[in-house]
Amino acid sequence: MEKELEKFINGAFKPYGDFPARTDVVRELLTNLQDKYKDLVSQGVSDKDAYKQTVDSFGDVSEIMDEMKQDSTSTSVHSFKGIALEEADLSQADLTGAQFNGSAIQKTNFNHADLNGATLNGAAVSDATFVSAKLTDTIFKGSDVQNADFDAAKITRTLFKSSSLKSTSFKNANIDDTNFKGSDLTDTTFEGSTISNTVFDGSGLARTVFTGATLKNVSFHYSEVKHAIFDGATMDKVTYALLKGSKANLDDITIV
């Protein structure tokens, strides 16, 4: 079935050609799908059902690409679509509604910047920093956001759907009504963060750290919660019940 998963994800991206982060995103998402499939099988789910649940959790990649096409005709003042801005200093900048779709912005400094309403679909954002940045209605769908830093950022109604967020830091961030569905969060940390009304469905959570975080109304359906670390976390009863039912280790948490 692993070969079938490879065919599935390559087929999902095939109609859209190349964009800067395509290779890394496809590779990371494939690893995420394969890990999810193996995890389901290890729980006793049949090969056929495990494949179906894995594929169903992925969502529709066309949503990402459709938004990129729509933004290509926009007259936004801040349009950086498809250009290279590696290591740029955009700290404290007003980038409200800015477009970075398909752009190469690795190692760019967005610390304390206003990125409300900005779009970064299919962008290469690895090693960028967003410390204390404002990210409301910001979109990172299908992007490579590995090793990025969102410490103390204010993140509201933001989409990280189907993105690679491996080894990214969200320490002490305020995260509300945000969607991480189908993303790779391997080795990512949410230490000390406040997370509410947020979706991690179908995400890879191997060694993801929620130490000292506060979680309220957070969804983890079809995610590898048993590999995540929740030591010292505080959570509501509904989130606790969902995690417990998915075999997460909750020996050292507080229920509110």
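**First stop: a loop residue**

Select Ser-162, which is found in the loop between strand 2 (154-156) and strand 3 (174-176). Helices (H or I, at least four residues) and strands (E, at least two) are DSSP runs, numbered from the N terminus. Ser-162 counts as buried, at 5% relative accessibility; buried means under 20% relative accessible area, exposed over 50%, and partly exposed in between (1.4 Å probe, protein chains only). The phi angle of Ser-162 is near 55°, a positive value in a residue other than glycine.

This is a predicted model, in which local features need pLDDT of at least 70, side-chain atom pairs count only at pLDDT 80 or more, and totals for chains, interfaces and linings use all residues. Residues are numbered from 1 along each chain as its sequence is written, and side-chain values use heavy atoms, with hydrogens and water left out.

**The whole chain**

Display the entire chain and colour it by secondary structure. It comprises 5 helices and 7 strands, in the sequence pattern α-α-α-α-β-β-β-β-β-β-α-β. Of its 256 residues, 52% count as buried.

The 7 strands form an open sheet in the order 1-2-3-4-5-6-7, with parallel pairing. Strand 1 (134-136) and strand 7 (254-255) stand at the edges with a single partner strand each, so one side of each has no neighbour in the sheet. Two strands pair if DSSP finds at least two bridges between them. Strand 4 (residues 194-196) and strand 5 are paired in the parallel sense over 3 bridges.

**Between strands 5 and 6**

Move to Ala-233, in the loop between strand 5 (214-216) and strand 6 (234-235). Is Ala-233 buried or exposed? Ala-233 is buried, with a relative accessible area of 0%. Leaving out residues up to four places away in sequence, Ala-233 touches Phe-210, Gly-212, Ala-213, Leu-215, Asp-252, Ile-253 and Thr-254; contact means heavy atoms within 4.5 Å. Ala-233 and Asp-252 are 19 residues apart in sequence, and their C-alpha atoms are 7.5 Å apart in space.

**The nonpolar cores**

Select Phe-100, Phe-150 and Phe-230, the residues with the most contacts inside the largest nonpolar core, which has 50 residues. A nonpolar core is a set of buried Ala, Val, Leu, Ile, Met, Phe, Trp, Tyr and Cys residues joined through side-chain atoms within 4.5 Å. A second, separate core has 11 residues, including Ile-9, Leu-33, Tyr-37 and Ala-50.

**Between helix 4 and strand 1**

Select Ser-126, in the loop between helix 4 (62-71) and strand 1. Ser-126 is buried, with a relative accessible area of 13%. Asp-127, in the loop between helix 4 and strand 1, is partly exposed, with a relative accessible area of 35%. The phi of Asp-127 is near 65°, a positive value in a residue other than glycine.

**Last stop: the largest pocket**

Select Leu-40, Gln-43, Tyr-222, Ser-223 and Ser-246, the closest to the centre of the largest pocket among its 14 lining residues. A pocket is an open set of points on a 1 Å grid over the protein atoms alone, where a 1.4 Å probe fits, with protein on both sides within 12 Å along at least five of seven lines; lining residues have an atom within 4 Å of a point. Helix 2 (residues 22-42) gives the most to this lining, with 3 residues.
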